[in-house]
Amino acid sequence: MDEQSVMHEFEQWLEQYLNFEKAPQKDALWLDTMRFLCAEFHQPQNAYKSIHIAGSKGKGSVSVLCASVLGEAGFNTGLYTSPHVSDIRERIGRASGFLSEAEYGRALKNFIPAADFLTAKKLEDKKPATWFELMTLFCFVCFRDCAMDWAVFETGLGGRLDSTNVLFPEISVLTLIELEHTEYLGNTLEQIASEKAGIIKPGIPVCCARQSPEVKAVFKNTAQKTGSPAFFLDEVIESLEYLPLSPKKEMYFGMTDKTESTADKIQNGAVQKVRLVFKKPASENQACFSRPLSFGLKLAGDFQAENAALAALVLKTVLPDLDEKVIEAGFEKAFLPARFEIASFRGKNGGGTVVIDGCHTPNSVRGTLKSFYSRFGSGCHLLFACAADKDVETLAHIIRFSDCAFSRITLTVPGGVKASDYEKTRKSFESVFGAAFLCGSPDYEAEIRAALKHAESENKVLLSAGSFYLAAEVKKCLQTFG
């Protein structure tokens, strides 16, 4: 049995459990069951040092940047992220790619029988185990069985009650906070920040991205209450330069399979250069850099430069003696699918270029549009779909008044898994663009193919945005398009 079929077996087994990613439910987050399961599996999350990351935007990128540097430093390092785009193995692996067949298989061999036995127990004071809890538990076990030195964990939803919050990490990390999942986390930035701040542990340092004043106040207050040293990016950076390279289409090739190396898939190195200078430490606990950092990033966008700065601060805080050369080398190898992933595709008229991005919040959409315009200019094509719980009215307005000025917009739904509302999306875009300017239908497979075909025939770059689920469907279509 190959490694993909091993994990396919695991994925099929998981489907019997409640999956909030597919069927969200209010008041359905808890930690009692996760604590019970971890205890029964002999606390696998404590078998290695860990970094715990929460936030609304950038947590996946910061996670892979940290894991890539730790791997470059010679540590056996695990990486847990969500959601996956094309393959469930994207959730549990290393920054360099998937684990081996033997590693997945060894952990899975005893996991399913033990989990079946435990979840079958009728515990009056425990709620049923969920899909994400068991996925997280398996990751904990898998990393223990792989003898990881370090592991980097991205939260799934929120922080305080997220399944990963049984960790007692070396450091907690909070990326940019914005209004998201308001039906679960609260209707204000302060409420959402409070939920995210739930990952801060007593006495454990926390590093935070640039935040709005109200969010920063919540984080500072929480850190003071828990006695946790807190470091804020805006207070420790002296300068951050973002230098995008020439937007030649032939230099960008996105990965379609993480088993292939980044170097094989992305030509001519980075898509942007970053120069980062930190201030001299103002306190004994603050990270100290011996010199400025200069590196290339395959993660495109000026917001990725901010993510790299946060990752650098995190790494130097927990590993003060880490060589700056190692940080730079690790950053240059980091890659995540569907984060401004620039892919070429073949077609009957010679092929074309599509930028695949899972951006689905106002700030992430703004960042993606800014990066897209800086590389490809205006008049390109857009393929858009989003889940039913997204603020599509705001997203449509942001797109309408961006510099991109798309010449063709195709609307659809983000695949057949995530709940969506095509009519709401269409009406929201019509209100700002007008009906004559738009095309599309709920038939996402047909609309993806049509969008690729029109982009190729008109020699336009296509941007796919609005959902990681849409990104997965686009990547699937690219494998057979042409």
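I went to H4 and found a kink of about 30° at Phe111, shortly before the proline Pro113. The bend at a residue is the angle between axes fitted to the seven residues ending there and the seven starting there.

A note on what I'm looking at: this is a predicted model, with local features needing pLDDT of at least 70 and side-chain atom pairs pLDDT 80 or more, while totals for chains, interfaces and linings use all residues. Residues are numbered from 1 along each chain as its sequence is written, and side-chain values use heavy atoms, without hydrogens and water.

I checked the span of H4 next. Its 19 residues, 101-119, reach 26 Å from first C-alpha to last, close to the expected 27 Å (1.5 Å times one less than the number of residues). Helices here are DSSP runs of H or I with at least four residues, strands are runs of E with at least two, and both are numbered from the N terminus.

Which residues of H4 are buried? I listed Glu103, Tyr104, Ala107, Leu108, Phe111, Ile112, Ala115 and Leu118. Buried means under 20% relative accessible area (1.4 Å probe, protein chains only). An α-helix has 3.6 residues a turn, so residues three or four places apart point the same way.

Then the pair: the axes of H14 (392-400) and H15 (422-433) come within 9 Å and cross at roughly 35°. Axes are lines fitted to C-alpha atoms over the stretch in contact, with angles from 0 to 180 degrees between N-to-C directions. Contact means heavy atoms within 4.5 Å.

Last, I noted 17 helices and 17 strands in the protein, and buried residues at 57% of its 482. Among contacts between residues at least 6 apart in sequence, 79% join residues at least 24 apart.

Technical notes. Buried means under 20% relative accessible area, exposed over 50%, partly exposed in between (1.4 Å probe, protein chains only).
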